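Biologist: Can you walk me through this model? I'd like to start with one of the helices.

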Amino acid sequence: MPKPEPNGFVRTLNNMGYMTSGLDPYSQAFVDFAPGAPGPCLDVGAAYGVASLNALSNGAKVIANDIDERHLEILRARALERLRERLTLMPGSFPDGITFAPGTLGAVLVCRVMHFFDGPTIERAAAKVMSWLAPGGKVFVVGETPFIGTAKAFFPTYEARVKAGDLWPGIVENVAAHDPGRAGNLPSRMHLLDEATLKRVFSGAGFTIEKLGTFARPEFPPDIQLDGRESVGLIARK
Ligand SMILES: C[S@@+](CC[C@H](N)C(=O)[O-])C[C@H]1O[C@@H](n2cnc3c(N)ncnc32)[C@H](O)[C@@H]1O
């Protein structure tokens with residue numbers, strides 16, 4: 001695994017951002033729910049396992065997914081030997097490149113991965129998770145919002161799109177123009193998420209929303225922090 005930066009962030013091997021070193025409140029809720037969930041728990045874009053390893057230690061059966069198999073090999077190597085029998089690695093691209101029988105998963109975490117999706121892919125993701133979950137299963141979603149310091153130049157575009165009723169107001173078409181410092185470690189397009197978008201997509205897919213809100217990221221680098229709404233999270237039940 002690459003050496004963590006001073007704030008604990010660890011670079012991905014495929015330039016898809018960083019893995020955090022700690023659990024945000026929504027990932028923690030996934031870790032808490034996972035051992036009693038009505039089926040194995042899927043961690044989408046697990047990277048080196050910040051959530052998967054905690055869920056495993058907590059007693060859950062974990063399916064760790066990532067588009068980059070190298071991340072998953074590192075994750076497995078980091079797992080205690082005695083916990084590995086409850087760990088399944090599933091490389092592949094969510095939501096279209098992996099599949100599960102309907103009604104078989106207990107929980108799904110999608111933490112800081114939907115930034116890489118366009119709107120229709122986010123809708124397909126919600127619909128597939130709805131199908132894969134068992135009744136009573138839950139989905140946990142976390143994403144960065146347009147309320148981050150590095151998106152200040154994009155903010156007027158976001159506000160104008162919200163006013164105009166744009167369904168996907170948070171799509172940043174040219175990341176390099178807004179965040180030249182970090183563009184090298186990010187794809188050229190990013191989809192920043194907000195409460196209204198997550199609410200529309202997940203209630204539209206048939207979920208009952210249990211918790212939805214923005215939250216602060218005091219652990220993020222100072223230039224990304226803004227006003228305490230840097231991330232958005234959702235917990236929803238089938
Ligand atoms: C920004 S990191 C987030 C890692 C971790 N979930 C966290 O919250 O710190 C994004 C991770 O998602 C993976 N990823 C990106 N697109 C994906 C996709 N379509 N399916 C599965 N994994 C994906 C990347 O390889 C990377 O490991």
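Modeller: Take H7. On the face turned away from its buried side, H7 carries the exposed residues Ala-196 and Gly-204. Exposed means over 50% relative accessible area, buried under 20%, and partly exposed in between (1.4 Å probe, protein chains only). Helices (H or I, at least four residues) and strands (E, at least two) are DSSP runs, numbered from the N terminus.

Biologist: What should I know about the model itself?

Modeller: It is a predicted model: local features need pLDDT of at least 70, side-chain atom pairs count only at pLDDT 80 or more, and totals for chains, interfaces and linings use all residues. Residues are numbered from 1 along each chain as its sequence is written, and side-chain values use heavy atoms, leaving out hydrogens and water.

Biologist: Back to H7. Which residues are buried there?

Modeller: Thr-197, Leu-198, Val-201 and Phe-202, in a helix that spans residues 195–204. Down the axis of H7 they fall within an arc of 105°, so they line one face of the helix. The arc is that of the directions from the helix axis to the C-beta atoms.

Biologist: Why would a spacing like that give one face?

Modeller: An α-helix has 3.6 residues a turn, so residues three or four places apart point the same way.

Biologist: And what covers the buried residues of H7?

Modeller: The cover includes helix H4 (119–132) and strands S7 (133–144), S10 (208–215) and S11 (231–237). Contact here means heavy atoms within 4.5 Å.

Biologist: New topic. How many residues surround the ligand?

Modeller: 20, and the closest are Asn-14, Gly-45, Asp-66, Phe-94 and Arg-112.

Biologist: Which polar side-chain atom lies 2.6 Å from a ligand oxygen?

Modeller: One from Asp-66. A polar side-chain atom of His-71 lies 3.0 Å from an oxygen atom of the ligand. The protein covers 97% of the 600 Å² of accessible area that the ligand has on its own. Those areas come from the Shrake-Rupley method with a 1.4 Å probe.

Biologist: You named Arg-112. Is it buried or exposed?

Modeller: Buried, with a relative accessible area of 15%. Arg-112 sits in the loop between S6 and H4.

Biologist: Which side chain does Arg-112 make a polar contact with?

Modeller: That of Glu-144, at 3.2 Å. A polar contact is a pair of N or O atoms within 3.5 Å; within protein, one must be able to donate a hydrogen and the other to accept it, and residues adjacent in sequence count only if both atoms are side-chain atoms.

Definitions and conventions
Near = heavy atom within 4 Å.
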